[in-house]
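Hi,

Here is the structure I promised to pass on. Have a look at it first, and my notes on what turned up follow below.

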Amino acid sequence: MSDALAAPPRELGWTRIVLALVAFLLLSHAPVVRAAAPIVNTMVLLVPALAACFVAGWWNGGSLALMVAWVALAGLLLAVPATPGSEAYADLARAWGVLVAGSLGIVCILGQRRFFLSRAMAAVGLAVLIAVVGMSFAPHAAGRVEDVFAREFQLRNSAMLTQWAHGFSPATSVAPAIREWAGRRAILLQHASSTFAAPLYPALLALESLAACALAWGLYHRMSRARLGAPLAPLRDFRFSDELIWALVAGMTLAVLAAPDALWVIGANLVVFFGALYARRGFGVLVWFMPRTTLGAQMAMVAAAVLLFPVSLPLALGLGVTDTWIDWRRRLRTARSAAGPGATR
């Protein structure tokens, strides 16, 4: 009996994965996210990663037809001509999508006993390593790549400023004031994205890639019987090696002590990337403390966290970092066990 027939059935439940897919594809077009997201067309990350999963699944005895179909779909997507004037940016985005997908496929084939997060981080790390080695052979390649992203951010925000300027009717008396306020906001956003987001594109790109790999993993296991590993853990159980705290500490040290040069950029990218991971871990701790609720209630809590992000984000980051030493969830389990069988999670 082949591995594909002997494998467990497909994962059940499409509601949450479809909602996550819609959010991944649409949120990058929201004005605030669009101002700093390195890749807006997130399909160039998701479809190649999904194709890589099907290649790894075929290697493990999965469907050849599905593998060929998804590889062909990825090829067609990457072959779509770029918008005139953005060829360099489109080439960078597509090259990175292929690089991450190839790394994910290699890691899934070679590291079959590893959990998803370790595989995804290894894939992104391998892609970064290959990109750094490749850029080392071209003089000033890193600076040119940053310039491409900075120009792309400026083009996006200029277009957004134009939309805002034309989006108000001159017939209303409040329109001039609103236009002036929107213009100031857009110019500030444009300056911030080109000044801060462009140097941070490696961390932001790595975070986008992790999200694409997670979605590809979940979608693949709902469409194929040839498993690559364990299902994605729910948010309330999200955690990773405590040793990664030293990467965050190193990044903070470089960002605080180094001058605004290459070392500062490295430190700032480490802080953004690992800070986001620890914030997600902190949100997992928050969800753990809350009672289990319906999907509607969970979506309402997500919306509240997004609207209150000036409060929710630092709180989650603090919980995630301190969870390294305190292990909030273990303490809660211990407390509830001591409280007796009447205490529920």
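Which side chain meets that of Arg281 in a salt bridge? The partner is Asp323, at 2.9 Å from N to O. (A salt bridge here is a side-chain nitrogen of Lys or Arg within 4 Å of a carboxyl oxygen of Asp or Glu.) Arg281 sits in helix α12 (residues 262-289) and Asp323 in helix α14, so this pair ties together parts that are 42 residues apart in sequence. Both Arg281 and Asp323 are buried, where buried means under 20% relative accessible area, exposed over 50%, and partly exposed in between (1.4 Å probe, protein chains only).

Before going on, a word on where this comes from: it is a predicted model, in which local features need pLDDT of at least 70 and side-chain atom pairs count only at pLDDT 80 or more, while totals for chains, interfaces and linings use all residues. Residues are numbered from 1 along each chain as its sequence is written, and side-chain values use heavy atoms, with hydrogens and water left out.

Back to the charges. Asp323 also meets Arg239 in a salt bridge, at 3.9 Å from N to O. Asp323 belongs to helix α14 (residues 309-326) and Arg239 to the loop between α10 and α11, so here the parts tied together are 84 residues apart in sequence. Asp323 has a relative accessible area of 1%, whereas Arg239 is partly exposed at 35%. Further along, Asp327 forms a salt bridge with Arg330, and their closest N and O atoms are 3.6 Å apart. Asp327 is buried at 17% and Arg330 partly exposed at 40%. A network of salt bridges links Arg239, Asp242, Arg281, Asp323, Asp327, Arg329 and Arg330. The structure holds six salt bridges.

Arg94, in helix α6 (residues 87-110), is another story: Arg94 is buried yet has no salt bridge, and the nearest side chain of opposite charge, Asp91, is 4.9 Å away. (Lys and Arg count as positive, Asp and Glu as negative; His and the chain ends are not counted.) Leaving aside neighbours within four places in sequence, Arg94 is in contact (heavy atoms within 4.5 Å) with Leu78, Val80, Pro81 and Ala82.

Glu208 is in helix α10 (residues 201-223) and is buried, with a relative accessible area of 12%. Not counting residues up to four places away in sequence, Glu208 touches Phe24, Ala37, Pro38, Ile39, Thr42 and Leu45.

What about the cysteines? With a disulfide taken as a pair of cysteine sulfur atoms within 2.5 Å, the count comes to zero. The cysteine sulfur nearest to that of Cys53 is in Cys108, 5.2 Å away, which is too far for a bond. Cys53 is buried at 1% relative accessible area, and Cys108 is buried at 1%.

As for the chain overall, the secondary structure comes to 15 helices and zero strands. (These are DSSP runs numbered from the N terminus: helices are H or I, at least four residues, and strands E, at least two.) Of the 345 residues, 37% count as buried. The accessible surface (Shrake-Rupley method, 1.4 Å probe; for residues, only the protein chains shown count as cover) comes to about 18,800 Å², with 73% belonging to carbon and sulfur atoms.

Cheers
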